Amino acid sequence: MRTAYSVQTVRAAERALMARLPEGALMQRAAAGLAAACADVLRRRGRVYGSRVVLLVGSGDNGGDALYAGARLARRGAGVRAVLTAPERAHEGGLAALLAAGGRIAEGADAWGGHIDLVVDGITGIGGRGGLRPGVAELVRAFAATGAPLLAVDLPSGVEADTGEVLGDAVRADATVTFGTYKPGLLIDPAAERAGALHLVDIGLGPELPDTPDLEVLQYADVAALLPVPGAESDKYRRGVVGVVAGSARYPGAAVLAVSGALRGGAGAVRYVGPGADAVIARHPETLVHPGPPSKAGRVQAWVVGPGLGDGTEAAEAVRDVLAAEVAVLVDADGLRLLDAGAVRARTAPTVLTPHAGEAAALLGVPREEVEAGRLAAVRELAARYRATVLLKGSTTLVAADEPGTPVRVNPTGTSWLATAGSGDVLSGLTGSLLAAGLAPRDAASAAAHLHGLAARHASDGSPVAAQDVAEAIPAAWRDVRA
């Protein structure tokens, strides 16, 4: 499992570690890891010896890491030139080491006056706030225009380390070398999209970090440990029965897709309630159908309500009926517009809300752009306000629980091919099946998002994909994580 910690926590851990190490030892560890990563990039482009490297150096430790790494590269025969964005505040020890190793100080974008093999961003890192200053931003753009790969030190300069926000001009890196632990901004868009490939350097910080991180990213083994597997005594009811209230005369396909996700997700049985029964049975004859209301449909361990439901009186009544149930309930799509916040907060059984940015904005009463710019704050606020587990869909899907101190989970398997009509309906059904199987809401939402992303990759293989294709690829995703 990958974990990420806030800047405040990282700084405290660094202070505790530095108190036990010789002066400068921690920076040397970081510089050694950074230099090794730079050398890997240079070798892939030819060789280290004779290559041309530009360091963009700001003030403080981030610039010091870049300078000491540059000194190591210079001693290996690379030509290294440092462009100082704050000359009067450059790290003295790092600058002296670079000059002693044969590196030079340069000014402006014409540091080499020709071909460059690597640009290293050591401008601000995790200590920066707000976007880059205009002059520095112009310098970054000039070096980006050379086409040389750009490697960021700890975090692309100009992005917010704790939130993933981008509040102005910021570096767009091809790769980022971070130290000790991941930072939230490396994992959450829009900042994560600027970080490129991530490389974590172990500097011995682990023992100083608290047990509970700010963010978690599940890996295959973590998801595999969560997935339910039927035993010898299992029957369809023990495996979990999920109820699906979805679809309308206008959107009958939403019912089919939500049921598809639930069946492919391992539900022992699916009960469908709604006007799309004929379409559902035609595609999935094993589905149990009922005209409604949901409370009269039969026993379920979880409900999914909302996809394609419409906004009529019957739809609103169905949402109210489901929210009154004493089992786990997932609310998506139209259901989110029809739910009563007080009814959600009053529930004693688990509730999962699965909005995209526009729906989240409506629930919070803010512009969509505010949610997209500050995804971490939005998902935490939704979970707290509605006393629910919230899966915020988007370029990076986030899962937050209404439990103080519980890490937000970030899904690593998303793909832009999921930006297709109906894919959210499949995700709702898939999540509902895992809730019905007995997974805790946070685990069900996290595992479902992971499988959903993998299924889309299987289905697309780099080509356009439809939502039903994603549903049909869920078993392949399941096999991936359990392999």
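Mentor: Let's start with a term: a helix here is a DSSP run of H or I with at least four residues, and the numbering goes from the N terminus. Bear in mind that we're looking at a predicted model.

Trainee: Which residues lie nearest the centre of the second largest pocket?

Mentor: This pocket has a volume of about 580 Å³. Its lining has 32 residues, and the ones nearest the centre are Ser59, Gly60, Asp61, Asn62 and Thr124.

Trainee: How many residues of its lining are polar?

Mentor: Sort the lining of the second largest pocket by class. Eleven residues are nonpolar and eight are charged, while the polar ones number 13.

Trainee: Now the largest pocket: which helix gives the most to its lining?

Mentor: Helices supplying at least two residues include H8 (252–264), H13 (357–364), H14 (368–373), H16 (423–436) and H17 (441–460). The one giving the most, with four residues, is H16.

Trainee: And what volume does the largest pocket have?

Mentor: Picture its lining first: 36 residues, with His356, Lys393, Gly394, Leu418 and Ser423 nearest the centre. By class, that lining has eleven nonpolar, 17 polar and eight charged residues. The volume of this largest pocket is about 750 Å³.

Note on methods. Residues are numbered from 1 along each chain as its sequence is written. This is a predicted model: local features need pLDDT of at least 70, side-chain atom pairs count only at pLDDT 80 or more; totals for chains, interfaces and linings use all residues. Side-chain values use heavy atoms; hydrogens and water are left out. On a 1 Å grid over the protein atoms alone, a cavity is a set of points where a 1.4 Å probe fits but cannot get out, and a pocket is an open set with protein on both sides within 12 Å along at least five of seven lines; lining residues have an atom within 4 Å of a point. Grid points are joined across faces, edges and corners, and a volume is the space filled by probe spheres set on the points. Ala, Val, Leu, Ile, Met, Phe, Trp, Tyr, Cys and Pro count as nonpolar, Asp, Glu, Lys and Arg as charged, and the others, Gly among them, as polar.
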